[in-house]
Amino acid sequence: VAVIDILYNTQKGADSDPANGHELYELMIDCTAGAEYGIRALSVTRATIARVGVFGALSVGIVFNNGWINRIEGCSLQHCGIGIKAFQEVNSVDILNNIIEHFSLAGIAVFSGMNMNVQGNCIEGGAGPAIVASNVDSLTIANNYFESNNCGGGGKDDECSAGTNGGIKG
C-alpha cells in the first residue's frame with residue numbers, strides 16, 4: 001500500500017506507455033498508519049518530486065521503478081526502511097539535495113539503470129549504509145554528507161560511535 005501511487009496506463013496493462021510529466025511539490029506524507037511506501041512511481045518519465053516530506057514508510061519513502069528522466073530534489077525522508085529507491089531499468093535519474101535520516105535499511109538504493117546522479121544529499125543516523133548501488137552504468141555520487149550510518153541500531157544517533165560514517169556499499 002502506498003500513500004501516493006503514480007502508475008502507467010493501467011487500462012492498457014504493464015506494457016503500455018509510461019506515465020509522463022507528473023510533478024509533486026510541497027507535500028507532507030505520514031505513513032505511520034502502516035503504509036509500505038510514501039510515493040510509489042511505476043513506469044514514470046519526466047517526473048519531478050520536490051520539497052516533499054515522507055515520515056515512517058515501512059518499506060521505502062520514495063520509489064521509482066522502470067522509468068527515465070526523473071528528479072527527486074529537496075525532499076525530507078525520515079524513519080523509512082529505505083529513503084529513496086530507484087531500480088529496474090531507471091535511466092537519467094537525479095537524486096539531489098535531499099535529507100534522509102533515521103532509516104532502517106539504506107538511505108538511497110539504486111539498482112539496474114544508467115546515467116544516475118546522486119549529489120548534495122545529507123544522509124545520517126541510519127542503521128544501514130548511506131548509499132547502496134549495483135548494476136548502474138554512469139553513476140555519479142558527489143558532494144553528499146554522511147554521518148552516523150551503518151550503526152545497526154535502527155538509526156538512532158546515540159547507538160553509533162563517533163566517526164562512523166557508513167558511506168557507500170556497492
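Buried means under 20% relative accessible area, exposed means over 50%, and partly exposed is in between (1.4 Å probe, protein chains only). Keep those cut-offs handy for the tour.

This is a predicted model: local features need pLDDT of at least 70, side-chain atom pairs count only at pLDDT 80 or more, and totals for chains, interfaces and linings use all residues. Residues are numbered from 1 along each chain as its sequence is written, and side-chain values use heavy atoms, with hydrogens and water left out.

**Stop 1: the whole chain**

Show the protein chain as a cartoon. It has 18 strands and zero helices. Strands (E, at least two residues) and helices (H or I, at least four) are DSSP runs, numbered from the N terminus. Of the 170 residues in the protein chain, 48% are buried.

**Stop 2**

How many salt bridges does a search of the whole structure find? Four. A salt bridge is a side-chain nitrogen of Lys or Arg within 4 Å of a carboxyl oxygen of Asp or Glu.

Select Asp5 and Arg40. They form a salt bridge, with the closest N and O atoms 2.7 Å apart. Asp5 sits in strand S1 (residues 2-6) and Arg40 in strand S5 (residues 37-42), 35 residues apart. Check their accessibility. Arg40 has 22% relative accessibility, so it counts as partly exposed. Asp5 is partly exposed too, at 34%.

**Stop 3: Glu26 and Arg51**

Now select Glu26 and Arg51. Their side chains meet in a salt bridge (3.0 Å, N to O). Both ends are in loops: Glu26 between strands S3 (23-25) and S4 (28-30), Arg51 between strands S7 (48-50) and S8 (53-55). Is Glu26 buried or exposed? Glu26 is exposed, with a relative accessible area of 57%. Arg51 is partly exposed at 45%.

**Stop 4: Arg71 and Asp94**

Select Arg71 and Asp94. Their salt bridge spans 3.4 Å, N to O. Asp94 lies in strand S12 (residues 82-96) and Arg71 in strand S10 (residues 68-73), so the pair ties together parts 23 residues apart in sequence. Salt bridges that share partners join Arg71, Glu73 and Asp94 into one network. Arg71 is partly exposed, at 29%.

**Stop 5: Glu101**

Finish at strand S13 (residues 99-101), where Glu101 lies. Glu101 is buried because its relative accessible area is 18%.
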